[in-house]
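Thanks for making the time this morning. I would like to walk you through one model, and I will give the cut-offs as the terms come up.

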2 protein chains.
Amino acid sequence: MKQSQLFAKTRKETPKDELSLNAILLIRAGFIDKLMAGVYTFLPLGLRVMKKIEGIIREEMEKVGGVEIFMPTLQPKFNWDQTGRWDTMDDLFKLDKSKDSELALGPTHEEVISPLLKRFISSHKDLPRYIFQFQNKFRNEKRAKSGILRGREFIMKDLYSFHANQKDLDEYYEKQKEVYARIFKRLELEEKTYLTYASGGSFSKYSHEFQTITPAGEDIIYICPKCKMAINKEIIEDLENKCPNCGNTNLLEEKAIEVGNIFKLGTKYSAPFQLNYQDEEGREKPVLMGCYGIGLSRLMGTIVEIFNDSKGIIWPKSATPFQVHLISLGQNEEAEKIYAELEEKGIEVLYDDRDISAGEKFYDSDLIGIPIRVIMSKRSLENGGIEYKLRSEDKSRIIPLNNINKEIETFYLA
Amino acid sequence: MKQSQLFAKTRKETPKDELSLNAILLIRAGFIDKLMAGVYTFLPLGLRVMKKIEGIIREEMEKVGGVEIFMPTLQPKFNWDQTGRWDTMDDLFKLDKSKDSELALGPTHEEVISPLLKRFISSHKDLPRYIFQFQNKFRNEKRAKSGILRGREFIMKDLYSFHANQKDLDEYYEKQKEVYARIFKRLELEEKTYLTYASGGSFSKYSHEFQTITPAGEDIIYICPKCKMAINKEIIEDLENKCPNCGNTNLLEEKAIEVGNIFKLGTKYSAPFQLNYQDEEGREKPVLMGCYGIGLSRLMGTIVEIFNDSKGIIWPKSATPFQVHLISLGQNEEAEKIYAELEEKGIEVLYDDRDISAGEKFYDSDLIGIPIRVIMSKRSLENGGIEYKLRSEDKSRIIPLNNINKEIETFYLA
């Protein structure tokens, strides 16, 4: 894409009303725009990153049998009364009831999917089922000060699993643990992300969160260096400050952000909706459920909190909005040719064709943070090629024009 | 995809609370599920159709310079006060104001995009701009009785264009007319879809709707058979019952559904938000705007209203959830092989591998409405091949196993 066509403009000044690093960088670099506290527009660059993250999650969910649907945002009070959550859930956005029946905006979808599944599950033959969606969620957060780490409106993947017995739920839950680990690995977050014991509600001793260590995190976790696992502060006292896995008491306190959460719901939602099935002997039994959430916008914010330097963002390969930032200094004809050739080969190129100074182009390029920068200038062409620089390194080198395609491919395959 | 894995179950009975053909067929065939009046879940088959329609529209928007973003659903009262629409727009969903600042759910996005563009447009060099999104929209419809033709929550593409002068707006508007015609052509709706004069508001004499003729339509239009254009009933008296194009008074009254709407907004929204630019002489001028909407869920419903028979839906090639419905009658090993081969070639296959009767499989297949049905049975294999049948035709024929790939490709290329 040509940068002159891109609807994005970087900013030198820090947005006045933002305190969080992720929002400051993403706004300055033209990825997002703030409409009000906790509510953001995704501009073309930001939307491209979201689509990359969405693609990775979709692929991994489909690998373990996930089937995609799309549930509504508007949810009727009737459903929330069945589970008793209409009055107990603090952050539920409710609509003006003088104008209509009583409705809420979905912060999660158990109250929709449980009755929905009644129409599709009647026998043990209909189980297991794994259903997921990507959806805007709504929570009336009082402290929406962390940029896209904690939005009042945010994009989430939620998968719900449905099982005939505890063993099947337990096995699928373990499988999802692995899937989540793979997603964080693909986003290069695995080193800082810990499988974390958290409170489990009434149906299992613990739930599990995936917590990524960053000073921007709003949670406190205690890491067990032996097990490479962690415990959320909310349950550390119940566990007598010991790792529940190995008994280790030398735990490290860290700030972290919850990037995912998996939960054995058991019959918590199937019971109120009478989501039952007939087993092989014809006995009516409640379906067991699990739920598995990941916040996409929160993941994007977490990546930015972790991968940055004083000049801007440094995107991991799998989440970058474009693979290559091609910058032409004057030599437009040659650059146009290279741009067309790379696009032809299916490489995603942001091509800075704007009529501004080299300094401004480099400034923007550092801020935006695409992993590879390729500069075409009179000087580089005289030196026999094109200047090739990684965003994560300081030095550039000249490579022959013919090698550029191979260099890029090698980088992204590594 | 294997039908045993597909989260969809057809229904023989008509849903009690549905009056509209599109909702009855889509619910019975397992494409959508009704949560409440005007609010539907898209099940895997329905979501696949939506993604096909979305893909076509995205492609066409990008061809005329459209750049994609994603704006929020939550919108602050402040913005709506600027345009005076907070109190005048009837169908605006508002949130319970005792709990929060006053917020509405976006029924359209002029109140978000106009102030947003202030940060990106300052000079004539920043114009023109064409920005679009796919977004859930919310309108508190009092008469949500037409299935997905008129939802209270529905998916829409909205593009906004920004221009320095009237000539540029006029030219782009004409281009979008052609783009819309191409979209309806790709969805095989062109024969029944008319460019229709409608009321224009204060900035242009007319706006244009795209109206598709169907008895399910809630609008009345008057077609000029000479011009192949139409006039919305709301302005036919102002036009003295004459075609504004050729003066013809022999107009045909038809029921129709508005599948698209394009509008010259002029300075209606740029003025209240002071969305201005500096022209070449440094004079401050208001930006001129246009907007261009298409309801995706409405389009899906319109297709179903038009393409069906007594047995079910008959999808057009470009919107079908799968390209081929492969049905095995007993011969699972051979069918598995063919299924794998077709998938390998990139053909989208729904493979009915369920352990139910041939009659039930055919019933479901007719209801779901995939254009090509391929049946593998002992009998067909003895006759030297595989049974090949179009959903739109009654007769089937036996074709050699080796030809199936070519037959399918030929059908979809035609």
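Predicted model: local features only at pLDDT ≥ 70, side-chain atom pairs only at ≥ 80, totals over all residues.

Residues are numbered from 1 along each chain as its sequence is written, and chains are lettered from A and ligands numbered from 1 in the order in which they are written.

How are the two chains related? A rotation of 180 degrees, with 0.0 Å of shift along its axis, superposes chain B on chain A with an RMSD of 0.0 Å, and that is the relation of a two-fold axis. The superposition is by least squares on the C-alpha atoms of residues with pLDDT of at least 70 in both copies.

Turning to the interface, 40 residues of chain B are in contact with 40 residues of chain A, where contact means that the C-beta atoms, placed from the backbone, lie within 7 Å. On the chain B side, the elements that each supply at least two residues include strand E1 (32–36), helix H2 (44–63) and strand E6 (129–138) of chain B, and E2(B) gives the most, with four residues. Helices (H or I, at least four residues) and strands (E, at least two) are DSSP runs, numbered from the N terminus. That side of chain B divides into 23 nonpolar, five polar and 12 charged residues, counting Ala, Val, Leu, Ile, Met, Phe, Trp, Tyr, Cys and Pro as nonpolar, Asp, Glu, Lys and Arg as charged, and the others, Gly among them, as polar. Since 100% of the interface residues of chain B are also interface residues in chain A, the copies meet through the same surface.

Within chain A, the domain assignment gives domain 1 (21–309) and domain 2 (322–413), with bounds that come from an automatic or database assignment, and the C-alpha centres of these two domains lie 39 Å apart.

Is helix H1 of chain A mostly covered or mostly open? Helix H1 (residues 21–28) of chain A is mostly covered, with six of its eight residues buried, among them A:Leu25, A:Leu26 and A:Arg28. Buried means that 20 or more other C-beta atoms lie within 10 Å of the residue's own, exposed means 12 or fewer, and partly exposed lies in between, with C-beta atoms placed from the backbone. The cover includes helix H2 (44–63), helix H8 (296–306) and helix H10 (358–368) of chain A. H1(A) is followed by A:Gly30, whose phi is positive, near 80 degrees.

Now to the sheet in chain A, where five strands in the order E19-E18-E20-E21-E22 form an open sheet with mixed pairing, two strands being paired if DSSP finds at least two bridges between them. Its edges are strand E19 (349–352) and strand E22 (396–399) of chain A, each pairing on one side only. Strands E18 (residues 324–329) and E20 (residues 372–377) of chain A run parallel and are joined by six bridges, with A:Ile327 opposite A:Ile375. Helix H12 (residues 404–413) of chain A lies across E18, E20, E21 and E22 of chain A, at about 165 degrees to E20(A); axes are lines fitted to C-alpha atoms, for helices over the stretch in contact, and angles run from 0 to 180 degrees between N-to-C directions.

In chain B, helix H10 (residues 358–368) lies across E18, E19 and E20 of chain B, running at about 175 degrees to E18(B).

Methods
Contact = placed C-beta atoms within 7 Å.
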